[in-house]
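Colleague: I'm new to this one. Could you walk me through how you decide what to call things?

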Amino acid sequence: MARQHRRDGTMQATSTTPAGSSISTQEIARFDALASRWWDPDGPMRPLHRMNPLRVGWIDRRLRRRAGTRLRVLDLGCGAGLASEALAALGHDVLGVDAAPEAITAARAHQATHPAAAHAGTLSYRCSSAEALLQEGERFDAVIALEVIEHVAEPDGFLDLLRGLLRPDGVIVISTLNRTLRSLATAKIGAEYVLRLLPAGTHDWRRFVTPAELGRSAHAAGLRVADLAGMVPGPQGWRESRDTAVNYIALLESQ
């Protein structure tokens with residue numbers, strides 16, 4: 001797929017991506033097809049269920065360290081709301097946004113049947129895009145995009161877009177996959193074709209983002225990487241690590 005460099009936060013125009021949009025209709029269709037099983041802990045989203053406590057805990061600790069109060073958080077590319085519900089339960093006011101309508105339907109259905117999950121904070125969902133939120137003047141204390149940047153065509157422009165959604169002193173959290181031989185063996189070939197943990201075709205290894213590339217994209221968007229950690233699986237669940245060879249999470253702030 002050819003890349004077209006844009007500084008307005010939009011993805012390239014292709015046969016499956018409308019011009020002037022950061023949303024790939026091909027990706028929407030892929031995740032819509034998984035929506036009905038998103039909340040099945042042993043289903044196709046099993047890796048995200050296992051990883052979620054680590055991701056959410058890492059995010060919450062850093063948000064409280066910076067502000068110490070209830071924050072307004074945008075979970076962009078929220079899917080069916082795994083991280084959105086968990087962050088709201090920890091006391092944040094969360095808006096989950098995804099362009100996949102079936103995923104948002106699944107998120108709302110789960111919220112309706114688990115009303116206590118967000119009792120500490122507030123939780124709402126919208127089928128929308130970052131561009132639409134920006135045009136409406138929405139601003140947030142934190143914007144999180146978990147396992148999203150590897151699906152966009154132009155990371156520099158994507159981070160530009162996220163930065164535009166921040167309040168002063170706001171932060172961005174990105175979690176993604178590193179492009180290494182180990183991630184090719186484990187996160188792509190192993191997870192999709194050997195262990196069948198993910199549907200085949202979920203990831204394109206060539207679009208994984210190295211920490212150095214994320215740093216350069218952040219700098220181009222007027223941001224800097226303020227914190228970075230690897231995420232590795234283990235017998236007792238996922239844990240934080242210095243090993244960023246496969247999965248990692250990063251906190252970005254203004255330069």
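What follows is a short chat about a pair of helices and the nonpolar cores.

Modeller: Before we start, keep in mind that this is a predicted model.

Colleague: Which residues make the contact?

Modeller: From α2 you have Leu-48, His-49, Asn-52, Arg-55, Val-56 and Ile-59, and from α3 Leu-82, Ala-83, Ala-86 and Leu-87. Sorted by class, that contact has seven nonpolar, two polar and one charged residues. Arg counts as charged, so Arg-55 of α2 is the charged one.

Colleague: And what makes up the largest nonpolar core?

Modeller: That core has 28 residues, and Leu-74, Leu-159 and Leu-162 have the most contacts inside it. Elements that each supply at least two of its residues include β1 (72-76), β4 (140-146) and α8 (211-220). The top contributor is α6, with four residues.

Colleague: What does Leu-74 touch?

Modeller: Leaving out residues up to four places away in sequence, Leu-74 touches Leu-95, Val-97, Leu-133, Phe-140, Ala-142, Val-143, Ile-144 and Leu-165. There's also a second, separate core of 27 residues, which includes Val-94, Ala-142, Val-173 and Trp-238.

How values were computed
Residues numbered from 1 in each chain as written. Predicted model: local features only at pLDDT ≥ 70, side-chain atom pairs only at ≥ 80, totals over all residues. Heavy atoms only, no water. Contact = heavy atoms within 4.5 Å. Core = buried A, V, L, I, M, F, W, Y, C linked by side-chain atoms within 4.5 Å. Buried < 20%, exposed > 50% of the residue type's maximum accessible area, 1.4 Å probe, protein only.
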